[in-house]
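Dear colleague,

I am handing over the structure we spoke about, together with some notes on what was found in it. Please look through the coordinates first and then read on.

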Amino acid sequence: MAAAAEPGARDWLGGGSPRTGSPTSSPDLGAGSRSRSGPGSGPERSGARPSGPAAPSHSFRKVTLTKPTFCHLCSDFIWGLAGILCDVCNFMSHEKCLKHVKTPCTSVAPSLVRVPVAHCFGPPGLYKRRFCSVCRKGLEAPGLRCEGTASIPRGPAPGAWSLLPGRPRPACGQAAVCELHVHPDCVPFACSDCRQCHQDGHRDHDAHLHHWREGTLPSGARCELCRKTCGSSDVPAGVRCEWCGVQAHSVCSAALAPECTFGRLRTLVLPPACVRLLSRNFSKMHCFRIPESAAPEPGDGEDSTDGSVPAGPGREVGAPESGKQTLKIFDGSDAMQRNHFRAVTVPRLARSQEVLVAALRAYYIPEDPQGFQLQALPTPVQLGDTTAAGKVWSAGPAEEEGCRAAPEAWVLRALPRTQEILKIYPAWLKVGVAYVSIRVTPQSTARRVVLEVLPLLGRQAEGVEGFQLVEVLMGSRQVQRTVLADEEPLLDRLREIRQTSLRQMSQTRFYVAESRVLTPRISLFVGGLPPGLSPQEYRSLLDEAVASKAALVTVSHVYSAQGAVVLDVACFAEAERLYMLVRDTAVRGRPLTVLVLPEVLHTKLAPDCRPLLVFVNPRSGGLKGRDLLCSFRKLLNPHQVFELTNGGPLPGLHVFSQLPRFRVLVCGGDGTVGWVLAALEDVRQRLACPEPAVAILPLGTGNDLGRVLRWGAGYSGEDPFSVLLSVDEADAVLVDRWTILLDAHEAAGGEDSEADAEPPKIVQMSNYCGIGIDAELSLDFHQAREEEPGKFTSRFHNKGVYVRVGLQKISHSRGLHRALRLQVEQQEVELPSIEGLIFINIPSWGSGADLWGSDSDSRFEKPRMDDGLLEVVGVTGVVHMGQVQSGLRSGIRIAQGSYFRVTLLKATPVQVDGEPWVQAPGHLIISAAGPKVHMLRKAKQKPRKAGPPKDARADGVPAPEGDPK
């Protein structure tokens, strides 16, 4: 068995995908393309093959253009009637640009991936001006986008190779979000080149490289190197780094520095090198805390990653043009069982070689057609007939009569091989070559291959017992691995893979990995438990509910006040079992929440980096919360973006608890902001950064705190990137925080039986607390939204509901001043005739109204939100409230102080920061909550000076409105 190192290979193993066009991407880059004959596809007509240098593995030919076409390299219009087209991936180019093409063909792109990270495709959607990364055509029909978590093949991670030999397992769920767009039937051929957003304990990288994605640039984008236009809305031209946002031509990107600095958001991004996640057994959705879709995605089964649309009664192959026929091509036994095929249209008089080449192109297989053949697909009647099953497409010219009789379905098979050249990749870093090539013969076993490879990788001094051969399937949806047995014949294994799926063979790699076994550590957050228990009681409760194994599971953190614990699990299988059991378990009538949490390595954080912890309430702002969730996952590290409906703020605060400095962005309404601030107050003593500054992206209806801090009246579709820049430039201010103690002495009775049976005992307040009519209106709105949440998707509709419920109570009179008593600083205060009593901490109430007013009053100090004082204001009814919100009148000033005691004589509506309920008779005691909370106030926008359009474009900002351009 001969073995030799690949002389042109370089060390490009590491995080991220290879740079498009970089010579370090692959030793095969720059090799001449294989000449293929066959009919072209699309509106172009075939012609002669171009002479001169060819791009990496493309199959170019000159075609006659029949419609306006643009070059995929320079994005310029192709004048004339001739263009250069790749028959495989549809790359179109000027003939003059051909020598500069460095973008690899789709057929070889999987082999150029540095570290395979699978994608997580969301539901089909309409994406305007986007292009498929596989076939390079526009997404005119519904397409798929990577927008969740994914899987990554593991090197010798702790416990990763403890599987039984020959048993495939999905790799660790790697949180990753990128700008990949594909057609549904192109999903199986997409590269597993999603962003690598965390480390797995091995193969850690000191330098972070650019992660280039092609064809996602707007038409006005300019190249970072040459400053010329590099984007296009007509073709997938130009590349963009999905971390720092640098844009460039694919040719110019090779001249840029390979290291990525995360761009303008470098101080906000949590670097992947600072995040570790060992969770090999979890699915692609679990590790990123994304709810799984109820509807199965095409081809997303347990045994296959194929996304092709199967044939059946509901899907018919379109009628071919005159003189042509459409054939169904299967690439192996798995495709036949699932009825997943690719439709190929060929002339009726096509030669067998032409049909074979077209079939290989349909599956993006770059190998020599001489090693394959087409066999007729056996019909149900012929399944037992071996002669029918083995019928091979006739060699030589196909006669017209015989072509009409040819079957419509064929199976693409590889011819038997007596030996093969196999690439073996090292599963560790700092190796002088990317891979080594080994000649595999019938006598080659996994152990013999490892024995031959170790000297070529510089590990000849180590025994072969410490290594093993690992097979990695790099599917676009999932990356699977199989540890091969030492005595398994490798040539038979390759033949078995090709028999199952030829496409699978092109996506399979073999790694030599160390066989050491380390103890894994997986952190599981479990919420929804009864609050106020001890660690031993929580442990007993979990043992009773899910029968956790004491030897493998320890309770590392207990959040007793919130009813949550963090479990450290020392076994992948046990962590997976606990996860599946806990999420379907209820304790004392409450369903439990379980999340897989990453570990943040705070010691690796740069001194100038202050990562941004993002909380998004997807239920706020209609569908804008969901869109922002997706946008922030793309702009930042997905591990620093948390969905509040899945576990609340506590999981995110726990993940960031060891960071010495970080900031928080809350996307939601005033109630959401109060929720996060309350959680922050509860865990403040456990944070290495006890006072992180909090910014607001207002998504609610009132958004009063956001207005005061200059974040606006509500989010109206601003660029999320600009929002993050504003957060980075914001100024820190202090805001008072207040505690409200609710002490109900007796249950309500009679007509007041609507009071809550168990009201909350302590609540926190930042904005205002209302008693009476304003709380009653808020309560009616809240109940209406609970009954029909689907209707409350816009801020305009929500305000309309407030107006409607207000008009219904315009003549309502409860005499609130007779139903309560007020003490300020231990002194009784006589109340005027009012229907609502409001304690305000900020100069904004009811969607921006100034309830206190701007008139000076010698009795009171000028209100500030950090003066340690609350202002008490009364309103006489709905009409008075409307006048205040219209700016025609202010409220009735009653008192100002730092300690208040309210005695309710009967059940009364109460609301705190927009969260209403009916409070039973008793006392409300309002006092300062201790340390002031640090908030971020948006910096004032400086007036933009008029300047030449060239400067404005160079700075990446639009030209001033007064500019003649």
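Leaving aside residues up to four places away in sequence, Met935 touches Leu677, Val694, Ile696, Leu705, Leu709, Asp731, Ala732, Val733 and Val735. Please keep in mind that this is a predicted model. Met935 belongs to the largest nonpolar core, which has 84 residues, and it is one of the four members that touch the most others, together with Val614, Phe632 and Leu665. Apart from that core lies another, made up of 55 residues, including Phe60, Cys97, Cys186 and Trp410.

Strand β18 (residues 409–414) runs antiparallel to β17, and 5 bridges join the two. Both strands sit in an open sheet of 4 strands with mixed pairing, ordered β16-β15-β18-β17. Because β16 (342–347) and β17 (372–376) each have a single partner strand, they stand at the edges, and one side of each is left without a neighbour in the sheet. From one strand to the next, the twist averages 40°.

As for the protein chain as a whole, it contains 19 helices and 48 strands, and 55% of its 965 residues are buried. Among contacts with a separation of 6 or more, 71% are between residues 24 or more positions apart. The chain exposes about 40900 Å², of which carbon and sulfur atoms supply 50%.

With best regards

Technical notes:
Residues are numbered from 1 along each chain as its sequence is written. This is a predicted model: local features need pLDDT of at least 70, side-chain atom pairs count only at pLDDT 80 or more; totals for chains, interfaces and linings use all residues. Side-chain values use heavy atoms; hydrogens and water are left out. Buried means under 20% relative accessible area, exposed over 50%, partly exposed in between (1.4 Å probe, protein chains only). Contact means heavy atoms within 4.5 Å. Accessible areas come from the Shrake-Rupley method with a 1.4 Å probe; for residues, only the protein chains shown count as cover. A nonpolar core is a set of buried Ala, Val, Leu, Ile, Met, Phe, Trp, Tyr and Cys residues joined through side-chain atoms within 4.5 Å. Two strands pair if DSSP finds at least two bridges between them. Axes are lines fitted to C-alpha atoms, for helices over the stretch in contact, and angles run from 0 to 180 degrees between N-to-C directions.
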